[in-house]
Amino acid sequence: MPVHWFPGHMAKARRLVQENLKLVDVVIELLDARIPYSSRNPLINEILGSKPRLVVLNKADLADPALTREWLKWYEKQGFPSLAVDSLRRQGTEQVPALVRERGKGASQKPAIRCMVVGIPNVGKSFFINALARRKATRTGDRPGVTRGKQWVRLERDLELLDTPGVLWPRYEDPKVALKLAATGAIKEEIYDAAEVATWLARWLEQHYPASLAERYGFDGTDGVGAHRFLECVARKRNMLGPGGAPDLYRAALHFLREFRRGLLGRITLDFPPR
Ligand SMILES: Nc1nc2c(ncn2[C@@H]2O[C@H](COP(=O)(O)OP(=O)(O)OP(=O)(O)O)[C@@H](O)[C@H]2O)c(=O)[nH]1
Ligand SMILES: [Mg+2]
C-alpha cells in the first residue's frame, strides 16, 4: 500500500468525538464533496448514536455537480438531512444556522445551541466555521493538521460552534480510500509516494473523466495510462527536467496532484454513490 497509516488514529478519532459529544446538541459531519464516502468515518453512526446530525458536503465547487446531487439524495435516504456548500465563496453556508437550530430544537431551554464540527484533516472545518461567522475566528491552512486543539466560536447569541482537529482512520477493506484521501489532500505529502498516488489518479481520470488529462496536459492516453508515460508527459509539458534533461517524475507528480486539488482539471468526484 503506497499510503501508510499511523496506528492509533481510530482510537484517537473515537475519543475526540466521544469526549465532546456530551457538550453539544448537534453534530455537523463535514465531508469532502469529492469523496463523500472515503472522507467518512466508518464508525460515525456507532459513535454519534442518536445525536442530531447534519451532513455537509464541503468543497462542492470542486466536485462533479451531478454526483453531488446523487450523494445528497443518498444521504437523505439514509435519514440524514444534508446539503452541499462552498465555504470559499460562502455558497450554501447561509442555510446552515437555521438547519442547526432545527436539528437542535430539543435543547431550546438552553441559552445557546452548541454544535460540533467533525471531519478529516483539510476538509475545511475551520474555513467553514469562518464562513458562517463571517470573520476569521479560526486558523486555517492549505495542508492537513492545521487545527491542533478544540475551539469554540460564537456565531450568534444563541448558536456556538466547536472546531476540532481533523482525524483519519484506517479503512482496510478498501485500499482505494487511502489513495483518494491522499489525492484530495487529507494526508500529509511527506508520508506517501506522490508518484504512485498521481499514477493511480491519472488512470482513474482517464477512465472516468477522459477529457481532463488531454485538456490540461495534451495527454492522449490511447492505451491506458502507462505507469510513467503520463508523468513524463507532465514533466516535459511543464519543463520539469532533472540532470541530463531527464524528466523529473516526482516533481511532475506533486505538480499534477496540486493542480487537481485546485480544481484545474475540472470538477471531479472520486466516489460514486452506492446503487
Ligand atoms: N475550493 C474550496 N476550498 C476550500 C473550501 N473550504 C475550505 N477550502 C480550503 O481548504 C483548506 C483547508 O481548510 P481548513 O479549514 O484549514 O481545513 P480543516 O478541516 O480545518 O483542517 P485541519 O484543521 O487540518 O483538520 C484551505 O486552504 C481552504 O482554502 C471550499 O468550500 N472550496
Ligand atoms: Mg482546522
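The model is predicted: local features need pLDDT of at least 70 and side-chain atom pairs count only at pLDDT 80 or more, while totals for chains, interfaces and linings use all residues. Residues are numbered from 1 along each chain as its sequence is written, chains are lettered from A and ligands numbered from 1 in the order in which they are written, and side-chain values use heavy atoms, with hydrogens and water left out.

A pocket here is an open set of points on a 1 Å grid over the protein atoms alone, where a 1.4 Å probe fits, with protein on both sides within 12 Å along at least five of seven lines; lining residues have an atom within 4 Å of a point. Volume is the space filled by probe spheres set on the points, which are joined across faces, edges and corners. The second largest pocket has about 170 Å³. Of its 13 lining residues, Ala60, Asp61, Thr68, Ala84 and Arg267 lie nearest the centre. Helix α3 (residues 65–77) gives the largest share of this lining, four residues; helices (H or I, at least four residues) and strands (E, at least two) are DSSP runs, numbered from the N terminus.

The largest pocket has a volume of about 1300 Å³. It is lined by 50 residues, with Asn122, Gly141, Asp142, Arg143 and Pro144 nearest its centre. Two or more lining residues come from each of α1 (9–21), α5 and α10 (249–261). Its lining has 17 nonpolar, 15 polar and 18 charged residues.

Next comes the metal site. Ser126 (OG) and Thr147 (OG1) coordinate the magnesium ion (ligand 2) at 1.9 to 2.2 Å. Donors are N, O and S atoms within 2.8 Å of the metal (3.2 Å for Na, K and Ca); water is not among the atoms, so sites may look incomplete. Ser126 belongs to helix α5 (residues 125–133) and Thr147 to the loop between α5 and β5 (151–156), so the pair ties together parts 21 residues apart in sequence.

Strand β1 (residues 26–32) is mostly covered, with seven of its seven residues buried. Val26, Ile28, Leu30 and Asp32 point one way, and Val27, Glu29 and Leu31 the other. β1 runs parallel to β4 (residues 113–118), joined by four bridges, and Val26 has Cys115 as its bridge partner in β4. β1 also pairs with β2 (residues 53–58) in the parallel sense over six bridges; two strands pair if DSSP finds at least two bridges between them.

Technical notes: Buried < 20%, exposed > 50% of the residue type's maximum accessible area, 1.4 Å probe, protein only. Nonpolar A, V, L, I, M, F, W, Y, C, P; charged D, E, K, R; others polar.
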